[in-house]
Every structure is written in structure tokens, then in C-alpha cells.
Amino acid sequence: WFLAVSKEFYLKYSDIDFGDIEIKEKFISGGSYATLLFLWIDYDKKLLHYVGVGDSSLFILRKEKDGTYLPSLIYPINENEFIDQNPTLLNWKKAYEIDTIKTFSLQKGDIILAGTDSISRWILENLLITNPIETRVLLNPNFRIDDETLEKHKLSNYDFKKAEDIFENIPKDKKEAIKYFENLINNNCMEADDITLYTEII
């Protein structure tokens with residue numbers, strides 16, 4: 001299905017005037033790229049099946065006995081060696097080894113966050129501030145981010161104290177959520193890019 005959608009997209013836009021001949025030539029020669037994050041929740045068995053390609057990422061926060069939340073799953077940004085690493089992206093002109101579908105056992109109260117690239121980096125940076133030890137355990141052993149970047153992020157962002165603050169501060173109303181993220185972008189707290197976010201509490 002991805003190949004069919006990609007080819008349709010490519011054929012549709014290859015005849016459009018981009019206004020920049022260099023960009024159009026790059027699009028025609030290289031094709032179009034896409035990120036994919038697939039999630040399927042089996043609510044009866046409390047299982048999450050997931051697989052991803054690119055920099056859209058999945059985060060699961062788990063409630064502890066004391067009522068606080070800790071990160072328990074980060075994927076696939078956890079494979080990066082640094083936060084702005086160029087991701088592997090899907091392209092119908094190229095062949096890729098797609099990761100096998102993985103399964104994660106859910107618990108009541110788990111918070112699921114799934115977002116596109118800029119919001120995923122924003123979530124990860126916040127987790128590295130609120131829960132640095134628990135977050136780094138879930139990342140590539142070679143992952144690195146300089147203290148200056150984290151300090152800049154901390155100063156320009158909301159002062160989150162706990163992992164659940166990240167989720168709880170995002171407005172549930174769509175219009176309010178759009179304003180929230182626009183404010184983050186305008187204040188250089190988040191990279192200006194397309195934003196898609198899925199949230200759910202099990």
C-alpha cells in the first residue's frame with residue numbers, strides 16, 4: 001500500500017511548478033520520502049504491537065507505585081546516537097530492511113505518546129531533564145547530547161518536574177493544543193515542522 005500511495009503522490013506532484021527548479025529536480029530524481037509509525041493496540045490482551053521507520057516516535061510512560069510516571073519505552077528514536085541524527089526514511093524508489101513488528105505488554109494507567117519528528121525530539125529532551133537515568137537506559141548506549149543543548153531547552157521551556165507533566169500540560173482540546181505548540185515554536189522551544197500527536201491512557 002505504501003508503494004501505491006507514494007507513486008500516486010509522485011506522479012501527482014511531478015508536473016506541478018515548485019517555484020524552485022532545483023527542488024523539483026531533486027524531487028523527480030530522488031522521489032518522495034515518508035516516515036511511518038504503526039501502532040495496533042489489543043485492548044483485550046493489553047498488548048501494543050508496533051513498528052516504525054523514520055523519526056516519528058513512540059513513548060510510553062508507566063505509573064509507579066508512588067503515583068509518578070517513568071519512561072518505559074522509547075522507539076525508534078532510541079536507536080539514534082544523537083538527537084538530530086538524520087533518519088532512515090521510506091522512499092518507493094529504494095529498498096529497505098523494515099524492522100520486525102515488536103510487542104509491548106501494557107498496564108492500566110500507561111500513557112502512550114506518539115508524534116512526528118519535532119515533537120518527538122521535544123518529548124525526548126524533556127524526559128532527559130525530568131528522568132535522565134531512566135531515559136538514558138532506554139536509549140542507544142552511544143547516544144550523546146551536550147549539556148548546553150539541554151540547559152537551553154530547560155530555560156526556554158515550561159519547567160516540567162515529572163515525566164507526566166509533559167503529557168498533562170498538553171491541552172486536550174484540539175484548538176488549544178494547536179496554540180500550545182505554536183507558542184512552543186514561536187519561543188524556539190520546538191523546531192518549526194509539521195506536528196502530529198497521538199495520546200492515550202490505557
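1. Helices (H or I, at least four residues) and strands (E, at least two) are DSSP runs, numbered from the N terminus. The model is predicted, and local features are discussed at a pLDDT of at least 70, side-chain atom pairs at pLDDT 80 or more, while totals for chains, interfaces and linings use all residues. Residues are numbered from 1 along each chain as its sequence is written, and side-chain values use heavy atoms, with hydrogens and water left out.

2. The sheet. Four strands, in the order β5-β4-β8-β9, make up an open sheet with antiparallel pairing. The edges are taken by β5 (69–75) and β9 (197–201); each has a single partner strand, so one side of each lacks a neighbour in the sheet. On average, neighbouring strands here are turned by 15 degrees against each other, direction ignored. Two strands are said to pair if DSSP finds at least two bridges between them. In general, strands of a sheet pair through backbone hydrogen bonds, either parallel or antiparallel.

3. Strand β4 and its surroundings. Strand β4 (residues 57–63) pairs with β5 in the antiparallel sense over six bridges, and Arg62 has Leu70 in β5 as its bridge partner. Helix α3 (residues 117–130) lies across β4, β5, β8 (111–115) and β9, at about 35 degrees to β4. Contact here means heavy atoms within 4.5 Å. Axes are lines fitted to C-alpha atoms, for helices over the stretch in contact, and angles run from 0 to 180 degrees between N-to-C directions.

4. Salt bridges. How many salt bridges does the structure hold? There are three, a salt bridge being a side-chain nitrogen of Lys or Arg within 4 Å of a carboxyl oxygen of Asp or Glu. In one of them, the side chains of Arg62 and Asp110 meet at 2.7 Å, N to O. This pair links distant parts of the chain, with Arg62 in strand β4 and Asp110 in the loop between β7 and β8, 48 residues apart. Arg62 is buried at 15% relative accessibility, and Asp110 is buried at 0%. Buried means under 20% relative accessible area, exposed over 50%, and partly exposed in between (1.4 Å probe, protein chains only).

5. A second pair joins Glu191 to Arg121, with the closest N and O atoms 2.2 Å apart. Glu191 is partly exposed at 44% relative accessible area, whereas Arg121 is buried at 13%.

6. Lys179 and Glu176 also form a salt bridge, at 3.8 Å between the closest N and O atoms. Both residues lie in helix α7, three residues apart, about one turn of the helix. Lys179 is exposed at 52% relative accessibility, and Glu176 is partly exposed at 39%.

7. Backbone details. Most residues other than glycine have a negative phi, and most peptide bonds are trans. Lys46, in the loop between β2 (36–42) and β3 (47–53), has a positive phi near 55 degrees. A cis peptide bond joins Tyr75 and Pro76, with omega about -10 degrees; Pro76 is in the loop between β5 and β6.

8. A loop residue. Ile101 is located in the loop between β6 (90–91) and β7 (102–105), and Ile101 is exposed at 55% relative accessible area.
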